[in-house]
Amino acid sequence: MKKQFFAVILACILAFSAVAVTPFPQVKAAGTSSELRGIWISIFDFASLGIKDKKKAAFKSAVDDYLDIAEDYGINAVFLQVRAYDDAFWPSKTFPAMTYLNSKANATKKASKVYTFDPLDAFIDVAEDHDMEVHAWLNPYRINTTQYLDPALTASQTRVKKAVKELLDYDLDGIHFDDYFYHATGGYVSPSKRTKAYQVNITPAKKRSHVNKLIRAVYKLAHNEDMVFGISPQGNYTNDMNSGADVKTWLSSSGYVDYLAPQLYWTNNYGSGQTMYSNCLNQFLSLRKNSAKLYVGLALYKGGTNVAGDPGWSTSSYNLRDQVKLMRDAGGSGFILFSARFLKESAAKAERNHLCDYLGL
């Protein structure tokens, strides 16, 4: 989901330098009782967490073990990927089961015919014992690595809303979309004619218009069930606006999102020493004109590694700590770490420990 290439990142610098950033009014930083501290659990984490191909008891035990670890790091909200490739983490009668969760799954088998128990219900049940929020994370349009539902089609919007409506039957805290909207390589299809992928050459404004129809509809569906709805766009404002992710409107008008969690996956020692994290954080904060909360998506997976073009990850182990502090000082409401398995990876240990110390854990 989350990695962006150097050339793409460079655009953020240019975009930021071209945008006049008005400092967002300073407000009291979120206290520990209200601050969201989340973790994304990706399909690529399932095997590592021990929840793939498990019967119900073993599944719940593995979830319980992992949430014990997450609690030790102060996590109070889980963003669980329940729809990655037009599939389902729950026993849907409409969508196929997830191959990353069950080896017997395939695109032709409905999830209700594959799962021997309801994994989403079981996950929520365990999370409740940990007093932890569960948000259902969906990739709305992606079908596979080369095909995407055409956001302009009513049929595509109807299919995504169908998935959301099925999820509303669960005791979830929210619905969450990630950063895949219009994809740069095209490959857009209709739900019924997936063999005829085609390119779409329309303006960014038209892309945003099509996407916003779905965003408004999902916001309304979620609020009808007292759930929150939020989106985790790219941390690059220009890329967002060009790909149909209308972050400017979402942060200035009502009826779109309850929060935004841009993926600010850079340090303040980016390139030759640019304060990339702070620049992008301030840019998103300057866009916020409504009551939507601003969380920050943080790159736990980069901790302690050599990242081309961003030496800050290898020269310091205080990046996450400093990023949370900057978020708080600027009036943000929390953070979400990517991703779950890196709470156990040795490379990110120093980053995790310094963040814990700062959080008082």
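Which residues line the largest cavity? Before the answer, a reminder that this is a predicted model. The lining consists of Tyr73, Leu300, Leu337, Leu343, Arg352, Leu355, Cys356 and Leu359. By class, that gives 7 nonpolar residues, 1 charged residue and no polar ones.

Which helix gives the most to this lining? That is helix α13, residues 349–359, with 4 residues.

How much space lies in the largest cavity? About 50 Å³. When the whole structure is searched for cavities of 30 Å³ or more, 1 is found.

Now the barrel. The model has a closed barrel of 8 strands, with parallel pairing. If you want to trace the barrel on the screen, follow the order β1-β2-β3-β5-β7-β8-β9-β10.

Take one pair from that order as an example. Strand β5 covers residues 174–177 and strand β7 covers residues 228–231. These two strands pair in the parallel sense, over 4 bridges. Within this pairing, His176 stands opposite Gly230 in β7.

Helix α6, residues 154–167, lies across β2, β3 and β5. The direction of α6 is at about 160° to β3, which spans residues 133–138. Helix α12, residues 319–329, lies across β1, β9 and β10. Here the angle is given against β9, residues 293–298, and α12 runs at about 170° to that strand.

That is the end of my part.

Technical notes. Residues numbered from 1 in each chain as written. Predicted model: local features only at pLDDT ≥ 70, side-chain atom pairs only at ≥ 80, totals over all residues. Heavy atoms only, no water. 1 Å grid on protein atoms, 1.4 Å probe; cavity = no way out; pocket = protein on both sides within 12 Å on 5 of 7 lines; lining within 4 Å. Points joined across faces, edges and corners; volume = space filled by probe spheres on them. Nonpolar A, V, L, I, M, F, W, Y, C, P; charged D, E, K, R; others polar. Pairing = 2+ DSSP bridges. Contact = heavy atoms within 4.5 Å. Axes fitted to C-alpha atoms, helices over the stretch in contact; angles between N-to-C directions.
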